Amino acid sequence: AKTETEAIIMAADYKRRHGIGCPLKNITVFAAISRYIESREDIIATSTLRGYRRMQHNSLQSIMDIELDELCLYDVQKAASLDVKNKNHSRATIKHALGLLNSSLLLMDIDMHLLKRVTIPAPKAEKPELPRVSDVIAAIKDTEFEIPALLAIWCSLRVSEVRGLQYCDISKDGKHITVRRTNIYMDGQDYVSDRTKTVRSNRTTRLPKYLL
C-alpha cells in the first residue's frame, strides 16, 4: 500500500477474510466459510463452489464479521430473519446458507445444529406454470437451440450435460448416448469436468434416431 494506514486496513481485512494467524475459534464467520470452500476446491463441482461464494457474499451478512468464539444461536437466527425481511430470500436460499455455515463450523469442530435450531420460513405449496412441450418445440424449431434443447427434453439432460457431450459418447449402433462429463459456462469461460453432478448422473440413455 502507499501509506501505513492503508496497509493496516488491508491487513485487517485480509485477516478477517482468511483468519491468518488466528486461533481457530477466533476467526470470523467469513473466514471460516472461506476455509471450508478452499478445503474443497479440488473435489466439488465448479458451479457448487460458485454457489458457495455467492452465498458467502449475499446471505447472513450480519454475522460475517463475528468471531466464532462469540457467535451464538441468536445471532444466526437474527441474520436469517433479516434475510427474509430485507432481502426477501426464499426458504431454500436461507436453508442452503445455513447448511454452508453449519458445515463450515463443523470443520472448525463447532456443532451448533443450525439446521434443526434456526427457524426458517415454512414451505409454500406452489405449482409452477410450465409451457407445453409442443410450444417449446415450436419456439426452438430451426434455431441454433433446437438440437441442444431436444437432447435436454427427450434424453432428460441438464444444460451442463448437453454442453459436455462429445461424439465418442454415442454408442456404435447410434441408439444410445452416455453422459460422462459436464461443461459449465461461467464468467466468460468454459469449465469442463470429467465428472457429473452426482454419481447416478453418469448414465446411458436412449438416443432417438432423428436426433442422431
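I call a residue buried under 20% relative accessible area, exposed over 50%, and partly exposed in between, with a 1.4 Å probe and protein chains only. At 16% relative accessibility, Thr-205 counts as buried, so that was my opening entry.

**Ground rules**

I am working on a predicted model, where local features need pLDDT of at least 70, side-chain atom pairs count only at pLDDT 80 or more, and totals for chains, interfaces and linings use all residues. Residues are numbered from 1 along each chain as its sequence is written, and side-chain values use heavy atoms, with hydrogens and water left out.

**Entry: Thr-205**

I placed Thr-205 in strand β4, residues 203-206. Helices (H or I, at least four residues) and strands (E, at least two) are DSSP runs here, numbered from the N terminus. Which residues does Thr-205 touch, not counting residues up to four places away in sequence? I listed Cys-155, Lys-175, His-176 and Ile-177. Contact means heavy atoms within 4.5 Å.

**Entry: overall layout**

I counted nine helices and four strands in the protein. From the N terminus on, the order reads α-α-α-α-α-α-α-α-α-β-β-β-β. The radius of gyration is 22 Å, well over the 17 Å that the globule rule gives for 212 residues, so the protein is more spread out than a compact globule. That radius is taken over C-alpha atoms, and the rule is 2.2 Å times the number of residues to the power 0.38. Along its principal axes, the C-alpha trace spans about 65 × 45 × 35 Å.

Of the 212 residues, 33% count as buried. The protein exposes about 14,300 Å², and carbon and sulfur atoms supply 54% of it. Accessible areas come from the Shrake-Rupley method with a 1.4 Å probe; for residues, only the protein chains shown count as cover. Among contacts with a separation of 6 or more, 51% are between residues 24 or more positions apart.

**Entry: helix α2**

Is helix α2 (residues 29-39) largely enclosed or largely open? Eight of its eleven residues are buried, so α2 is largely enclosed by the rest of the structure. I noted the buried ones as Val-29, Phe-30, Ala-31, Ala-32, Ile-33, Ser-34, Tyr-36 and Ile-37. Their cover includes α1 (4-18), α3 and α5.

**Entry: the cavity**

A cavity is a set of points where a 1.4 Å probe fits but cannot get out; a pocket is an open set with protein on both sides within 12 Å along at least five of seven lines; lining residues have an atom within 4 Å of a point. Grid points are joined across faces, edges and corners, and a volume is the space filled by probe spheres set on the points.

I found one cavity of 30 Å³ or more. The largest cavity holds about 30 Å³ of space. Its lining is Ile-33, Met-55, Gln-56, Ser-59, Leu-60, Met-64, Ala-97, Leu-100 and Leu-101. Two elements give two or more residues to this lining, α3 (46-58) and α5 (91-107). Helix α5 gives the most, with three residues. I sorted the lining of this cavity into seven nonpolar, two polar and no charged residues. Ala, Val, Leu, Ile, Met, Phe, Trp, Tyr, Cys and Pro count as nonpolar, Asp, Glu, Lys and Arg as charged, and the others, Gly among them, as polar.

**Entry: the largest pocket**

The largest pocket holds about 260 Å³ of space. I listed its lining as Ile-147, Pro-148, Leu-151, Val-162, Leu-165, Gln-166, Tyr-167, Ile-170, Ile-177, Leu-207, Leu-211 and Leu-212. Helix α8 gives the most to this lining, with three residues.

**Entry: Val-84**

Val-84 lies in helix α4, residues 73-87. At 33% relative accessibility, Val-84 counts as partly exposed. I found that Val-84 touches His-89, Ile-94 and Pro-121, not counting residues up to four places away in sequence. Val-84 and Ile-120 are 36 residues apart in sequence and 8.7 Å apart in space, C-alpha to C-alpha.

**Entry: two positive phi values**

Asp-142 has a phi near 65 degrees, a positive value in a residue other than glycine. I placed Asp-142 in the loop between α7 (133-140) and α8 (146-155). Asp-142 is exposed, with a relative accessible area of 67%.

Asp-187 has a positive phi of about 50 degrees, although it is not a glycine. Asp-187 lies in the loop between β2 (182-186) and β3 (189-193). With a relative accessible area of 59%, Asp-187 is exposed.
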